[in-house]
Amino acid sequence: RFSSVLAANPLALNKDVLMDNLIKQLPLQKPGLRKRACACLGSLAVLLNAKQISYIVTTLLKNVSKMRLDISYTYIEAIGAIASTVGYKLAPHASAILNSFKEFCDPLEGMDAVIAEQDFSIKDVCLTVFESMVKRCPKEITPYLETLIPMVMRLIGYDPNYNPDVMIDGNDEVNFDEWGAEDEQIEDDASWKVRRAAIKLLDTLIRYRYEKIKTSLDAILAKIVERLTEREDTIKCLLLETFIDLTRGMVVGSVSSVDALETPIRLERKNSAENLAKELPEAIIKIVAHYGDKSMKVREAIASVLLNMALIIPDYMNGVLLSTVLPKLFLNFKENSSTTKITVFQTLRRLMLMTATVDGYIPYLSQMLETIALSMKEDYFKLSAEALATAGVLIKLLMRKDKAPSKEAKSALLSIHELCLGVLKHADVDQEIKQAVIYTSGIVAANSTDILPQKDLDDLLSILQDRMRYEALRLACIKAFHVMVSSDKSPPIEKGLEGALPEIVQMSKKVVRQVKLTALETLLGVCRKFPSLTKKFATVITENLPQILREGDLQLTQLALKTLVNTIPFASDSSLDNLLEALMSLCSSSLFQTVLDDAVPLLSAMAKKNKRNLTEVKITEALWNITSEKTYKAISIAIASILSGRPEVLDESINKYTGILANAKEPELKRKTSAIIIGCLGPVSYTHLTLPTICSV
C-alpha cells in the first residue's frame, strides 16, 4: 500500500531480514499463515532488486521438490504471487521455473481424495505462474512454447473423475437412492480448476504469442471444439471465449463496435490464416450444435461466438453457414434472456450489413419481421432499440440498388413502416427507442419510392420535423434526413424537406460537432439533389455557414466549402461580404493548403458572380495581401486558378507579376509568389497571351 514511500526511503525497511523471515513461514503447519506469507512476499517483490529476487526464487525452487505436497504447493504459490506482481523480474529464471514446475503438471495415478485435491491445486497454481510469465516476459518464454503447448493441450482435457460411458443422459430415469459415495465425490471434484487454468494459459498464449504458435493453430482449434463436451458450464464458456480470441488473431486490426448502426469495418484476414479460415465453418457447425445446452450462460457464449464470426468470416457466415446459423439464432428468441436476444440482433445486423445478396434471407423474412415486432413490445428498452436498428438494416438489404425490390421486400417495408409509425405516435417511450425509430423511419422513407403512399410519406416527414424541436432527438432526426437525401432511390421528399431545412441550417451552428457534421452533410446532399430548394434557401445557407470556416476543423470546413459553391450563384449580394471575410481568414491559416481544392472553386464562383465589386482582381488582391511564408504556395495556386478563367485579364495580370518578379527591390516572398502564379498560368493560358507578354516573361 505504501510501496512508493518505502522505495523512496530504503532504510525504512530492512528488506533482507523481512525476506528471510517470510521464507521461514512457508513450511509452517498453519495453512492460513502460509497463505499470508505468500501474499506478503508478492507485495515485497515490488521493492526488491534483481539480486534479491534471484535469492528468493533460487531458495524456493531448491526446496519445492523436497517437501510434502501441501508445503510444495505453498512454495509454488509464493512464486506465483511474485509472478503476478513483478513477473518481468522472473525472466532470468524462466528455464529453472519451467523445469521445476513441469513435473507437477504430469497426471498422478491412484490418488486418494486429499492428495487429489492438493494435486489439482498445485497444477492450478503452476499454470497460473506460466500464464503470468507469458504476459510479463513473453520474449523469454518463447523458447519453451514447444513444451508448454503440448502440456496445455493435455491438461485442457484433464478430468480423471469423468467417465463418459456411465454419465447420465438427460432422458434416462434416475434412481437417486442408488447414488453412493462415488457420485458425491464427483460432485465435489475440483479437477475443473486445472482445466480452467490450462484454458486461461492457452488463451494468453494465443493473445500474446499468436505468430509464434501459428503452426499449432489447427490442432488448438480441433482441441477446443472437441472439449465442448465439457461438463462444467464455466469451462465451456471459457473454451468459447478462447475460440473467439483464436479467430480474432486471424484478422488485421480490431473488431469494431457491435453497436454501430452503419456498416462495420471489413477486416482483412492475414495470409497465414487462410488455411485456418477454411476449417472454421465445420467448427462453427459443431459449436452451433450445442445451442440446445441447458445452461443459459453457454447459449449466450455461443451467440457471442456467432457475433464475432459475422465480422471475422462474413463470407462463410453468409454463404455455406447461413442456412445452419439462422434457424439456431431464431431459437434464442424463445429465451427469457434479453442479453442473448440483443446479441442475436447484433449478429443479424452484422451479417446483413456484410452480405452482397439477399436471397439467403428471403425464406426467413416473415420470421424476422415477427421477431422484430414481438421484441418491440418488450419492456426492456435496449431490446426494442436493437429490434428497430435491425429492422432498418433489413430494409437496406432488401432494397439494394443493384436489384429491383421483390414483392416480399415491398411488403416488409410497409410492415416496418407501420411498426415505426406506431412507436413515433407514442411520446411515452424511452429516449433510446425514440432515436432508433427515427433513424429507421429515415431508412424507410429513403427506400419508399413507388411503395409508400405520398400522404403517408408526408405524415412521416412531418413527425420527424416536429421531433427536431427536442434537443435529445435532433441528431437522430438530422441523420434520418441525411439518409433520405443521400438515397439513390430519389424518394419524393422535397415538400416535406422544405419545412425542415431552416432548422437543419441552424443545426450547423450548434456546439456538438456530430450534429454540425451531419447537418452539413445533409445540406450538401440537398444542394446536389434539389436545385429548387437550393435556390430558395441559398441566402440563408450562405449567411450561416461562413463561421464554420473560422473554426479550423478540416472535415467541417471541406463540407461547408462544397455546400457554399452550390449556393453562391443564388445568394443575395449582402451575404457575400461576410463570406469573403471568412474566406480570407481561412486563406491565411495553415488549413488552406489542405482545403485548396475545395476553396478555389468557391473563390472562382464568387468572382464570376461579379457583384459588389467582387471581381477577379478584387479577390486576387485580397489574397495577395494576406500572403505569408506558410501559405504563399497555396495562395499562388488559388490566384492563378481564379485568373485562368478570364482570358481578357491575363495579359495585364502576367505583366503585373512579371514586373514584381523582375524587381529585385520587391520582398522575396512577393517575388516567389509571383513566380508560382506565372508558372501555374502558363500551361493553361499561353494561347491567350500576346507575344510581348511572353517575351517579357
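# Briefing on a predicted helical protein chain

The expected span is 1.5 Å times one less than the number of residues. Helices (H or I, at least four residues) and strands (E, at least two) are DSSP runs, numbered from the N terminus. This is a predicted model, in which local features need pLDDT of at least 70 and side-chain atom pairs count only at pLDDT 80 or more, whereas totals for chains, interfaces and linings use all residues. Residues are numbered from 1 along each chain as its sequence is written, and side-chain values use heavy atoms, with hydrogens and water left out.

**The chain as a whole**

- The secondary structure of the protein chain comes to 35 helices and two strands.
- Of its 697 residues, 51% count as buried; the term means under 20% relative accessible area, while exposed means over 50% and partly exposed lies in between (1.4 Å probe, protein chains only).
- The chain exposes about 32,800 Å², of which carbon and sulfur atoms supply 52%; such accessible areas come from the Shrake-Rupley method with a 1.4 Å probe, and for residues only the protein chains shown count as cover.
- Among contacts (heavy atoms within 4.5 Å) with a separation of 6 or more, 73% join residues 24 or more positions apart.

- In H9, the buried residues are Leu 145, Leu 148, Ile 149, Met 151, Val 152, Met 153, Leu 155 and Ile 156.
- Helix H28 (residues 554-567) has 14 residues and reaches 20 Å from its first C-alpha to its last, close to the 20 Å expected.
- The buried residues of H28 include Leu 556, Leu 559, Ala 560 and Thr 563.
- An α-helix has 3.6 residues a turn, so residues three or four places apart point the same way.
- At the start of H28, a side-chain oxygen of Asp 553 comes to within 3.2 Å of the backbone nitrogen of Gln 555.

**The nonpolar core**

- A nonpolar core is a set of buried Ala, Val, Leu, Ile, Met, Phe, Trp, Tyr and Cys residues joined through side-chain atoms within 4.5 Å.
- The largest one has 233 residues, and those with the most contacts inside it are Phe 243, Leu 583, Phe 592 and Leu 623.
- Helix H20 (residues 381-398) supplies the largest share of this core, 10 residues.
- Not counting residues up to four places away in sequence, Phe 243 touches Leu 221, Ile 224, Leu 280, Ala 283, Ile 284, Ile 287, Val 305 and Met 309.

**Individual residues**

- Ala 389 is in helix H20 and is buried, because its relative accessible area is 9%.
- The C-alpha atoms of Ala 389 and Ala 436 are separated by 6.0 Å, although these residues are 47 residues apart along the chain.
- Lys 236 lies in helix H13 (residues 233-248) and counts as buried, because its relative accessibility is 7%.
- Leaving aside neighbours within four places in sequence, Lys 236 is in contact with Leu 228, Glu 230, Asp 293 and Val 298.
- Gly 659, in helix H33 (residues 650-662), counts as partly exposed because its relative accessibility is 38%.

**Cysteines**

- A disulfide is a pair of cysteine sulfur atoms within 2.5 Å, and by this rule the count comes to zero.
- Cys 137 counts as buried at 2% relative accessibility, and Cys 477 counts as buried at 0%.

Technical notes: Polar contact = N/O pair within 3.5 Å; in protein donor to acceptor, adjacent residues only side chain to side chain.
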